Amino acid sequence: MNSSTQTIPAYTRVPRHVAVIMDGNGRWAKKRFLPRVMGHKKGLDALEDLCRTCAEAGIPYLTVFAFSTENWRRPADEVSFLMGLFLAALQKKVAKMHKNGLRLKVIGDRSRFPAEIQAGIRDAEALTAANTGLTLTIAADYGGRWDILQAANALIKEGKSEISESDLAAKLMLAEAPEPDLFIRTGGETRISNFMLWQMAYAEFYFTDTLWPDFDSREMHRALESFQQRERRYGRTSEQLPPEQQRP
């Protein structure tokens, strides 16, 4: 991971890495007088559609926030359903992902997941490890502060007495990926909710009222169009940017 605070990333009109908080599943279901869990099920279809859209757009990395460290506070029946949905997706969707050349990674603290899910994650990652298409990273039992702490603790165990940015970045869960260029949150909320706190130092933020199950390819292209209108200065002035990078 190249640090945007230490070097200026190469200019690109297409994000190298998109990070998404998939918010609004429960409200989508409530509006239709359905159980909340049906919104999560529909949201899985939206994720499949987003993967296809990102691959077609030439975006190499997509990271989605599926389950945060704070989501364990939700009602037990909803957490149980989410665990089951996660397992079902690993069992039913991964073969299709593999066929399409997608690489799957899961980041977060896996220790609290049932053994069956942990095994499913390992199998899915191993199956798709050599694929060269879109890298889909699912953040599950993940938190930005947890990520920074686990990286710092790893360096302490190695005997580091002084830590640099590059040292810490190398131990983060997404060390191999570029920092996100574009962060999207659906559902009308305008916060990052402890997601990738270190990595999103210079991400462009895009918030939409669209609930996650309704976030289709048209909505994604709106987000990309918004991204392409941004000036990515990284501390510089507009006048320092080449003409093609300046906002119209």
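Phe183 has Phe205 in β6 as its bridge partner. Strand β5 (residues 182-185) and β6 run parallel, paired over 4 bridges; pairing here takes at least two DSSP bridges between the strands. This is a predicted model, with local features needing pLDDT of at least 70 and side-chain atom pairs counting only at pLDDT 80 or more, while totals for chains, interfaces and linings use all residues. Numbering starts from 1 along each chain as its sequence is written, and side-chain values use heavy atoms, with hydrogens and water left out.

**Strand β6**
- "Buried" is under 20% relative accessible area, "exposed" is over 50%, and partly exposed sits in between (1.4 Å probe, protein chains only).
- Strands (E, at least two residues) and helices (H or I, at least four) are DSSP runs, numbered from the N terminus.

**Helix α5**
- Helix α5 (residues 115-128) has 14 residues and reaches 20 Å from its first C-alpha to its last, close to the 20 Å expected at 1.5 Å a residue; that expectation is 1.5 Å times one less than the number of residues.
- Ile117, Gly120, Ile121, Ala124, Glu125 and Thr128 are the buried ones in α5.
- They sit on the same side of α5 because they cover an arc of only 125° around the axis, going by the directions from the helix axis to the C-beta atoms.
- Over on the other side of α5, Ala115, Glu116, Asp123 and Ala126 are exposed.
- The cover over the buried residues of α5 includes α3 (76-92), α4 (94-99) and β3 (103-107).

**Annotated positions**
- UniProt (unreviewed entry) puts the feature "active site" at Asp23 and Asn71; such annotations may be inferred rather than shown by experiment.
- They're spread over 49 residues of sequence but cluster in space, with a largest C-alpha distance of 12.3 Å.
- Asp23 is in the loop between β1 (17-21) and α1 (25-31), and counts as buried at 16% relative accessibility.
- Setting aside neighbours within four places in sequence, Asp23 is in contact with Arg185, Thr186, Gly187, Glu189, Thr210, Leu211 and Trp212, where contact means heavy atoms within 4.5 Å.
- Asn71 lies in the loop between β2 (61-68) and α3, and is buried too, with a relative accessible area of 15%.
- Not counting residues up to four places away in sequence, Asn71 touches Ala66 and Val79.
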